[in-house]
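Subject: Structure for you to look over

Dear colleague,

I am handing over the structure we spoke about, and I would be glad if you could look through it with the notes below at your side.

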Amino acid sequence: MTATTYSPVWDLDVFFKGGSSSEAFLTHLIETKEKINDFETSVHNWEQTNSISDQKDIVNLMEKFQSVTKKLREAGAFVSCLQAQNTEDKKAAEHRAAITQLSAAFLSVLTLFDEKLTSYDSEVWAELIQTSGLKELAFVLTERRKTASEKLSKEEENLINALGVDGYHSWSQLYDLVVGNIKIPFTENGEEKSLSVGQAANKFSNPDRSVRKEMFAKWEDAWKGQSDYLSKTLNHLAGFRLNVYKQRGWEDVLKEPLAINRMTKETLSTMWDVISKNKQPLVKFLNRKAELLGLEKLSWYDLDASIDQTESKVSYQEGAEFILEQFSHFGDEMTSFAKMAFEEKWIEAEDRPGKSPGGFHTYFPESSQSRIFMTYSGTPSNISTLAHELGHGFHTYAMRDLHLLNRNYAMNVAETASTLAEMIVSDASVKNAKTEQEKITLLEDKVQRSVALLMNIHARFLFETRFYEERKNGTVSTEKLNLLMEEAQKEAYGNALDEYHPLFWGSKMHFYITGVPFYNFPYTFGYLFSLGIYAKALEEGKGYEEKYIALLKDTASMTVEDLAMKHLNVDLTKPDFWEKAVQLCMDDVEEFLKLTKDK
């Protein structure tokens, strides 16, 4: 019996046949608008009586809320996929603008809905959310009430939403347009090629340093050439956000991202403090890696290079089979989900021009399907990325039977599921290594992830926090942005590098995302939190998958502090948990240093 051959190209026709020219998709947008209008009418006509008798009205409104959300997310996921697979799809960009308008209209209705929720007395509300149909939504509804009470009047919030369509969100779309048009010239095997930023980024793992160095020079030039547009974009995004915060009376720029991630500042500060105090082993790792590569110090473009100078390429098929094999040691549910994703063409991994850089997972709630996007060129980090995105997919799959509003998990716990999946694959790879050299190579790849999440993400966090403080005083120049970024990188990497990437603020898409502010610290939280879960999984064996699924199901209906206490019995505001998690990373570093001592 021959094994199934997995296609590296996804199937989007199952949602709306015909891509960006799909008639079915246009019909879907019309239906979405109609549902938003219906929801709007219902919210406007809803007369609260501040009594428990309103239960039926709220349940009915929540059903309509869920219905609109499904429609909007289905449309948004489809367009995200269209834009990612072809950056020059202009019709998809038009659809994105239409969805942004629909989302703004929906947000305006929700502003009124949330304001009406705040009209209930605390005692009545406490009684209401214990009634049938609302009890399961008690956390998310109470959260909406609290958030609404901290915002401006509905008229002012509606104005912010409306202005955000052609202001705030449009700056983010401009960034996508600028990046989509960047082409980086590169000569390979005597042939001059024009690479997208996604293809160019893959060159930083090339074993030949001259290739990496040449690409880095061209990479810097490409971003420098667009830096005036990019700094203007970043400044306006931050300016819009800061003005909104000022009007609401929010002084701390971290207030919103912390609320979105359902975590306290105390937890965040404790995490970063523990990381900052325990970075020395990672600096030792970077210094040892430099030695092994015959360098005095690593440069930014050496970080992704493997010390194994043979460029091992693993086909997409082999990568998929390897992931399935490792998942099978963790649990049957995760394995069957991943197998379905490969077999049903849920993954776009083909290495071709015109694709967006990076990777992502998106969910189609009406169809109950996921889609995963990346550019697979056969490197070990590509396999990690694929496992990572499948982890996101499994998270949504584990929650498929819950009310949609109880599936709206925050980014920090989203990154927990993805990094756990990545950990399963990388840890198994190290343990199953056939030779010492193979073990060193795989261990390096694993430690490299700790470098990325405890150093690179820390640099992003330091930069963004300081940039926002500067932005409060006016526009921040391109030169100042470069300086802030380089200073943040030096601090986060413990001065371990020779050359840095001052234009990283331009090349990193995460700084330009409008949906989630401070798209950085949740990655590190998710990574370390997943290590705590992984330690439990190793302790309990294959039977732990059931408990893991129970944890995932709770990720959108409680704070992370409560989640950790309920499922892991730990206090995230104290350093103990974080110290143990960081130590697991450092154990890998120590093993790497030991194995490479005489190399």
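What follows is a set of notes on a sheet, a hairpin, a few charged side chains and some backbone angles.

Please keep in mind throughout that this is a predicted model, and that the values in these notes are computed from it.

I begin with the open sheet, which consists of 3 strands in the order β3-β5-β4 with mixed pairing. Its edge strands are β3 and β4, each of which pairs on one side only. Between β4 and β5, which run antiparallel, there are 5 bridges, and F360 has F373 in β5 as its bridge partner. Helix α2, which covers residues 55–85, packs on this sheet and touches both β4 and β5, its direction making about 145° with that of β4.

The loop between β3 and β4 holds K355, which counts as buried because its relative accessibility is 2%, and buried means under 20%. The side chain of K355 is joined to that of E348 by a polar contact of 3.0 Å. Leaving out residues up to four places away in sequence, K355 touches a set of residues that includes A84, Q85 and T87, together with S196, E348 and F373.

K345, in the loop between α15 (332–343) and β3 (347–348), has a positive phi of about 60° although it is not a glycine. S368, in the loop between β4 (360–364) and β5 (369–373), likewise is not a glycine and has a positive phi, here of about 55°. I point these out because most residues other than glycine have a negative phi. With relative accessible areas between the limits of 20% and 50%, K345 at 39% and S368 at 46% both count as partly exposed.

A further positive phi is found in the hairpin of β1 and β2, where 2 residues lie between the strands and N189 takes a value near 50°. The two strands, β1 (residues 184–188) and β2 (residues 191–195), pair in the antiparallel sense over 5 bridges, and T187 stands opposite E192 in β2.

Which residues does E220 touch, if those up to four places away in sequence are not counted? They are H501, P502 and L503, while E220 itself lies in helix α9, residues 209–225. E220 is buried and yet has no salt bridge, the nearest side chain of opposite charge being that of K224, at 8.0 Å.

Apart from neighbours within four places in sequence, D427 is in contact with K446 and Y534. D427 and L443, which are 16 residues apart in sequence, are 8.3 Å apart in space from C-alpha to C-alpha.

Methods: Residues numbered from 1 in each chain as written. Predicted model: local features only at pLDDT ≥ 70, side-chain atom pairs only at ≥ 80, totals over all residues. Heavy atoms only, no water. Helix = DSSP H or I, 4+ residues; strand = E, 2+ residues; numbered from the N terminus. Buried < 20%, exposed > 50% of the residue type's maximum accessible area, 1.4 Å probe, protein only. Polar contact = N/O pair within 3.5 Å; in protein donor to acceptor, adjacent residues only side chain to side chain. Contact = heavy atoms within 4.5 Å. Pairing = 2+ DSSP bridges. Axes fitted to C-alpha atoms, helices over the stretch in contact; angles between N-to-C directions. Lys, Arg positive; Asp, Glu negative; His and termini not counted. Salt bridge = Lys/Arg side-chain N within 4 Å of Asp/Glu carboxyl O.
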